[in-house]
Amino acid sequence: MKPKKRNIAIQDTYGERFQNCWGCGPKNEQGLHLKTYPSEDGETCITQFEPDNQYTGGVPNNLFGGMIALVFDCHGTASAAWFAHKNKGLALTEETVIGRFITARLETDYKKPVPMDETITIRSSIEELSERKAIVRMKMEASGVVRAEARMVAVAVKDDM
Ligand SMILES: CCCCCCCCCCCCCC(=O)SCCNC(=O)CCNC(=O)[C@H](O)C(C)(C)COP(=O)(O)OP(=O)(O)OC[C@H]1O[C@@H](n2cnc3c(N)ncnc32)[C@H](O)[C@@H]1OP(=O)(O)O
């Protein structure tokens, strides 16, 4: 995977003990290092990447479906953390750990094949937010065409987890 890097990603602010996710943990040497960034107005979050050839699905040059869900998984939980902090007027730093979210439910609609030879973009927005629960909507696009959509229920981890 070749994630497109910008400034500081949301995953970079998780704090060391939460940075080991295989999909997006900066400290996982074998991991994919997916990166999620808030938009300038903070209303959406974005991740972009180019898949390596090994992640092909059954149809040549189409991204494997599990990989599509994986990207939604990591992008959605990072987005949930961002939206929860923004809602409280907090910047996301290692010190403001009011919410580190994990996936409780992930619904994915596979609408069109996802090509592997171009940049893939996922944008997220918040549908519903309460103290511990965030419902995040996501769209995956390539060449301006929506290829997949997802709805995630993310839950903030408790201190004792
Ligand atoms: C050790 C922690 C590490 C954390 C690292 C984070 C950063 C890393 C990021 C990288 C991550 C990458 C991504 C990954 O790899 S995430 C890894 C994959 N996910 C998991 O392993 C999660 C396993 N599940 C659990 O641990 C628990 O079930 C959780 C914590 C999710 C909820 O159990 P908990 O007992 O705490 O919660 P609650 O019962 O009080 O419910 C709270 C609210 O949530 C609602 N709800 C619950 N389940 C569902 C459901 N299935 N559908 C719809 N809604 C659901 C529920 O109705 C309620 O809503 P409301 O009634 O209040 O409206």
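**Notebook: strands, a helix and a ligand shell**

I began with the hairpin of strand 2 and strand 3, where 6 residues lie between the strands and glycine 42 takes a positive phi near 75°. Helices (H or I, at least four residues) and strands (E, at least two) are DSSP runs, numbered from the N terminus. I count residues from 1 along each chain, as its sequence is written. The model is predicted, so local features need pLDDT of at least 70, side-chain atom pairs count only at pLDDT 80 or more, and totals for chains, interfaces and linings use all residues.

**Entry 1: confidence**

I looked up pLDDT, the predictor's confidence in each residue, from 0 to 100. The protein averages 91, and 93% of the residues score at least 70. For the complex, the predictor gives an ipTM of 0.93 and a pTM of 0.93. I keep one caution in mind: where pLDDT is low, the predicted coordinates should not be read in detail.

**Entry 2**

I checked pairing next. Two strands pair if DSSP finds at least two bridges between them. Strand 2 and strand 3 are antiparallel, with 2 bridges. Tyrosine 37 belongs to strand 2 (residues 37–38).

Is tyrosine 37 buried or exposed? I found 21 C-beta neighbours inside 10 Å, so tyrosine 37 counts as buried. The cut-offs are these: 20 or more other C-beta atoms within 10 Å of a residue's own make it buried, 12 or fewer exposed, and anything in between partly exposed, with C-beta atoms placed from the backbone. Isoleucine 8 is 29 residues from tyrosine 37 along the chain, yet their C-alpha atoms are separated by 7.5 Å.

Strand 3 has two faces. Cys45, Thr47 and Phe49 make up the covered one. Ile46, Gln48 and Glu50 make up the uncovered one. In a regular strand the side chains alternate between the two faces of the sheet. Strand 3 also pairs with strand 5, antiparallel, over 5 bridges. There, threonine 47 has isoleucine 122 of strand 5 as its bridge partner.

I tested the length of helix 1. The expected span is 1.5 Å times one less than the number of residues. Its 23 residues should span 33 Å, and the end C-alpha atoms are 32 Å apart, which agrees. Of those 23 residues, 17 are buried, so helix 1 is largely enclosed by the rest of the structure. After helix 1 comes glycine 89, with a positive phi near 70°.

Strand 6 (residues 133–142) pairs with strand 7, antiparallel, over 10 bridges. Arginine 137 has arginine 151 of strand 7 as its bridge partner. Strand 4 and strand 7 are also antiparallel, joined by 9 bridges. Here threonine 103 partners alanine 154 of strand 7.

Which residues come nearest to the ligand? Among the 19 around it, they are Cys21, Arg100, Ile102, Ala104 and Arg105. Near means that the C-beta atom, placed from the backbone, lies within 6 Å. Strand 4 gives the most to this shell, with 4 residues.
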